[in-house]
Amino acid sequence: MSSKKGGRRSAKRTPAVSEAFEGFTVEERAAIKERVQERKAERTGGMGGESAVLAKIAELPESDRSMAERIHAIITASAPTLMPRLWYGMPAYANPDGKVVCFFQAAAKFNSRYATLGFTDAANLDEGAMWPVAFALKELTPIEEARIAALVKKAVSGARVRRARAAHRGERGV
C-alpha cells in the first residue's frame with residue numbers, strides 16, 4: 001500500500017515560478033513545424049532537393065540570401081556527392097546515406113547577429129579529442145570561401161573508409 005494520501009504531492013516537488021519551463025521560442029517552434037513538414041514531404045516523395053533549397057534561399061532577407069547563395073555554390077562545387085535538402089527549414093547538404101553533413105542557418109532564422117555554417121556528426125572533421133563544428137559568418141570574403149570549401153571537402157573525405165570499417169565491424173547506420 002502506498003504511503004501517499006490521496007495522491008497529493010509535497011510542496012517541495014512543485015517548481016518555483018522562476019524554475020518553470022518557458023517552452024520554445026516562436027522561432028524554435030517554427031523550425032520544428034518546418035521539420036515536421038519536411039518529414040511528411042519526404043515520406044510522400046514531394047518537396048525536396050535543390051529546388052526546395054533554392055526556394056528557401058530566395059525567401060531570405062538580402063544579407064542572408066546573398067551569403068546563402070554563395071555558400072550553396074561553394075558546397076555543391078566542393079562536394080558534388082552531397083545532396084541539397086531542407087533541414088529544420090534551413091538549407092542543408094546530406095551524404096548519399098541521407099544524413100545531413102552540413103547546413104546554413106541564416107542570421108534571421110533565430111534573430112542572431114551572424115549566420116552559421118554548421119556541421120553534424122556525419123562530417124569527418126575530427127581533430128584529436130576536440131574540434132569546431134559551427135562557424136559564425138558575418139560576411140564572405142575569398143578567405144572565408146576558401147576555408148569553407150576546404151572544410152566541406154574534409155567533411156566528406158573518408159566517408160567510404162568509415163563505412164567500410166563499420167561494415168567490417170558489423171556496425172549499422174554509420
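**The strands and their surroundings**

Author: The buried residues of helix α3 are Asp64, Met67, Ala68, Ile71, His72, Ile74, Ile75 and Ser78. The model is a predicted one.

First, the setting. The protein has 5 helices and 5 strands. From the N terminus on, the order is α-α-α-β-β-β-β-β-α-α. Of the 174 residues, 33% are buried. The accessible surface comes to about 11,600 Å², and carbon and sulfur atoms hold 55% of it. Take the contacts between residues at least 6 apart in sequence: 47% of them join residues at least 24 apart.

Back to α3. The helix covers residues 62–78, which is 17 residues. At 1.5 Å a residue it should span 24 Å, and its end C-alpha atoms are 24 Å apart, so the two agree. The spacing of the buried positions can be read against a general rule. An α-helix has 3.6 residues a turn, so residues three or four places apart point the same way. Among the buried residues of α3 are Met67, Ile71 and Ile75.

Now the core. The largest nonpolar core has 30 residues. Ile71, Ile75, Leu82, Phe104, Phe119 and Leu137 touch the most other members. Six elements each supply at least two residues of this core: α2 (49–59), α3, β3, β4 (115–119), β5 (134–137) and α4 (142–156). In soluble globular proteins, nonpolar side chains tend to be buried together.

Strand β4 is the place to look closely. It is mostly covered, with 5 of its 5 residues buried. Both faces are covered. Ala115, Leu117 and Phe119 lie on one side, Thr116 and Gly118 on the other. In a regular strand the side chains alternate between the two faces of the sheet.

β4 has pairing partners in β3 and β5. With β3 the sense is antiparallel, over 4 bridges. Here Cys102 stands opposite Phe119 of β4. With β5 the sense is again antiparallel, over 4 bridges. Leu117 stands opposite Phe135 in β5. Ala115 has Leu137 as its bridge partner in β5.

β5 itself is covered on one face and uncovered on the other. Phe135 and Leu137 make up the covered face. Ala134 and Ala136 make up the uncovered one.

Leu137 deserves a stop. Leave aside its neighbours within four places in sequence. Leu137 is then in contact with Met67, Ile71, Phe104, Tyr114, Ala115, Leu117 and Ile148. Met67 and Ile71 are on the list of buried α3 residues. Ala115 and Leu117 are on one side of β4.

Helix α4 also holds Lys153. At 48% relative accessibility, Lys153 counts as partly exposed.

Next, the rings. There are 3 aromatic pairs. Trp87 and Tyr88 form one that is edge-to-face, 5.3 Å centre to centre with 75° between the planes. The rings of Trp87 and Phe103 have their centres 5.2 Å apart and their planes at 55°, so this pair is tilted. Trp87 lies in strand β1 (residues 83–87) and Phe103 in strand β3 (residues 100–105), so the pair ties together parts 16 residues apart in sequence. Ring pairs link Trp87, Tyr88 and Phe103 into a cluster. Within it, Phe103 counts as buried at 13% relative accessibility. Tyr88 is partly exposed, with a relative accessible area of 32%.

Last, the loops. Most residues other than glycine have a negative phi. Tyr88 has a positive phi, near 55°. It is found in the loop between β1 and β2 (90–94). Asn111 also has a positive phi, near 55°. Its place is the loop between β3 and β4. Asn111 is exposed, with a relative accessible area of 58%.

Phe119 and Leu137 are among the residues that touch the most other members of the core.

Notes: Residues are numbered from 1 along each chain as its sequence is written. This is a predicted model: local features need pLDDT of at least 70, side-chain atom pairs count only at pLDDT 80 or more; totals for chains, interfaces and linings use all residues. Side-chain values use heavy atoms; hydrogens and water are left out. The expected span of a helix is 1.5 Å times one less than its number of residues. Buried means under 20% relative accessible area, exposed over 50%, partly exposed in between (1.4 Å probe, protein chains only). Contact means heavy atoms within 4.5 Å. Accessible areas come from the Shrake-Rupley method with a 1.4 Å probe; for residues, only the protein chains shown count as cover. Rings of Phe, Tyr and Trp (its six-membered ring) pair if their centres lie within 6.5 Å; planes under 30 degrees apart count as stacked, over 60 as edge-to-face and the rest as tilted. A nonpolar core is a set of buried Ala, Val, Leu, Ile, Met, Phe, Trp, Tyr and Cys residues joined through side-chain atoms within 4.5 Å. Two strands pair if DSSP finds at least two bridges between them.
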